[in-house]
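Here are a few notes to read alongside the model. Keep the 3D view open and click on each residue as you go.

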Amino acid sequence: MKTKIQELRKKNKISQEELAQAVGVTRQTITSIEREKYTASLVLAYKISKYFKLSIEEVFDFSDVEEI
C-alpha cells in the first residue's frame, strides 16, 4: 500500500526513529511501511495519521484495495 509517510516525515523534519517511538513501533516497521513491504494495521495507521494531524485517507492510499 502506498503512503505519504516518507514525504510527511521529510516535510516535518522527523526521522523514522522519532516517528516509530511516537507511535510505538520499531524504526524497521516504519521503513517497511514506507517501502510498501508491510501494510500497517488499522490501529497503527490511525496512530500515524493522528501524529501528523491528518485523516487516514490523507496518509494512506487505498486505491489498490478491492471494494466489496
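1. Start with Phe62. Setting aside neighbours within four places in sequence, Phe62 is in contact with Met1, Ile56 and Glu57. Bear in mind that this is a predicted model. You'll find Phe62 in the segment after helix H5 (56-59).

2. To be buried, a residue has to be under 20%, and to be exposed, over 50%. From Phe62 to Ile48 it's 15 Å, C-alpha to C-alpha, with the two sitting 14 residues apart in sequence.

3. Now look at the largest nonpolar core, which has 16 residues. The members that touch the most others are Ile5, Leu19, Ile30, Ile33, Ile48 and Phe60. At least two residues of this core come from each of helix H1 (5-11), helix H2 (16-23), helix H3 (27-34), helix H4 (42-51) and H5. In soluble globular proteins, nonpolar side chains tend to be buried together.

4. Pick out Leu19 next. Beyond its neighbours within four places in sequence, Leu19 is in contact with Ile5, Arg9, Ile14, Ile30, Tyr51 and Phe52.

5. Which residues of H4 are buried? They are Leu44, Ala45, Ile48 and Ser49. Those four lie on the same side of H4, because they cover an arc of only 135 degrees around the axis. An α-helix has 3.6 residues a turn, so residues three or four places apart point the same way.

6. The buried residues of H4 pack against H1, H2, H3 and H5. On the face turned away from that buried side, H4 carries the exposed residues Leu42 and Val43. After H4 comes Lys53, with a positive phi near 60 degrees.

Methods:
Residues numbered from 1 in each chain as written. Predicted model: local features only at pLDDT ≥ 70, side-chain atom pairs only at ≥ 80, totals over all residues. Heavy atoms only, no water. Contact = heavy atoms within 4.5 Å. Core = buried A, V, L, I, M, F, W, Y, C linked by side-chain atoms within 4.5 Å. Buried < 20%, exposed > 50% of the residue type's maximum accessible area, 1.4 Å probe, protein only. Arc of directions from axis to C-beta.
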